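Please look over the model shown here before reading on.

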Amino acid sequence: MTPIGPAGGATLRFLASVLDARAVAEVGTGTGVSGLWLLRGMAPDGVLTSVDLEAEHQRHARQVFSAAGFAPQRFRLIAGSALDVMPRLTDDGYDLVFVDGDKVEYGEYLEQALRLVRPGGVVVFDNALWHDRVADPERRDAETVAIRDLLTQAATDERLVPTLLPVGDGLLAARRVG
């Protein structure tokens, strides 16, 4: 597990700020690095909902958020599988959905994220370049293929206006239309 780098983090903060995000969902709490960037860009009353399979990751993230001065009501940490938790979150209830979870499940996360994000909101996937493997047709491992499929899915979905940002390990950002 590698946390998002400064360029990717700054991009998340920027997107949350531009959207004046009051509700953000995150798949993959990790050590709290991406959540901290998101919280810094969100509206002062915004709430980050972050899902991670590992309770230990969330314990650490809670400490990071608190140490950075964010009140406990600004974040909601949910331990569990994202594909089990996401269906229980509110339809059209989020301004931004950030995904940095199991790469093989990226296509399924996109479908859930499209249900969760409001029209005009943005979905963002980390590792969209996957260590430069996505552009190498010789790479056929499950993660690389899943990310390639995600990029195709986003490019052809009429509900999305996508862009691939070459920051960090690549961010796929897509605005939900209609």
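The sections below treat the basis of the values, the overall fold, the nonpolar cores and the helix pairs.

## Basis of the values

This is a predicted model, in which local features need pLDDT of at least 70 and side-chain atom pairs count only at pLDDT 80 or more, while totals for chains, interfaces and linings use all residues. Residues are numbered from 1 along each chain as its sequence is written, and side-chain values use heavy atoms, with hydrogens and water left out.

## Overall fold

The protein has six helices and seven strands, where helices (H or I, at least four residues) and strands (E, at least two) are DSSP runs numbered from the N terminus. From the N terminus on, the order of these elements is α-β-α-β-α-β-α-β-α-β-α-β-β. The radius of gyration, taken over C-alpha atoms, is 15 Å, close to the 16 Å that the globule rule gives for 178 residues, so the protein is as compact as a globular protein of that length; the rule itself is 2.2 Å times the number of residues to the power 0.38.

Of the 178 residues, 51% count as buried, meaning under 20% relative accessible area with a 1.4 Å probe and protein chains only. Among contacts (heavy atoms within 4.5 Å) with a separation of 6 or more, 65% join residues 24 or more positions apart.

## Nonpolar cores

A nonpolar core is a set of buried Ala, Val, Leu, Ile, Met, Phe, Trp, Tyr and Cys residues joined through side-chain atoms within 4.5 Å. The largest has 31 residues, of which Val97, Tyr109, Val123 and Phe125 touch the most other members. Several elements each supply at least two residues of this core, including β4 (94–99), β5 (117–126) and α6 (142–156), and α5 gives the most, with six residues.

Leaving aside residues up to four places away in sequence, Phe125 touches Val99, Tyr106, Tyr109, Leu110, Leu150, Gly170, Leu171 and Leu172. A second, separate core of 24 residues includes Ala16, Leu36, Phe70 and Phe98.

## Helix pairs

Helices α1 (residues 6–18) and α2 (residues 33–41) pack at an angle of about 35°, with their axes 7 Å apart; axes are lines fitted to C-alpha atoms over the stretch in contact, and angles run from 0 to 180 degrees between N-to-C directions. Among the residues making this contact are Ala10 and Arg13 of α1 and Trp37 and Leu38 of α2.

The axes of α5 and α6 come within 8 Å and cross at roughly 35°. Their contact is made by Tyr106, Gly107, Leu110 and Glu111 of α5 and Ile147, Leu150, Gln153 and Ala154 of α6.

How values were computed
Buried means under 20% relative accessible area, exposed over 50%, partly exposed in between (1.4 Å probe, protein chains only).
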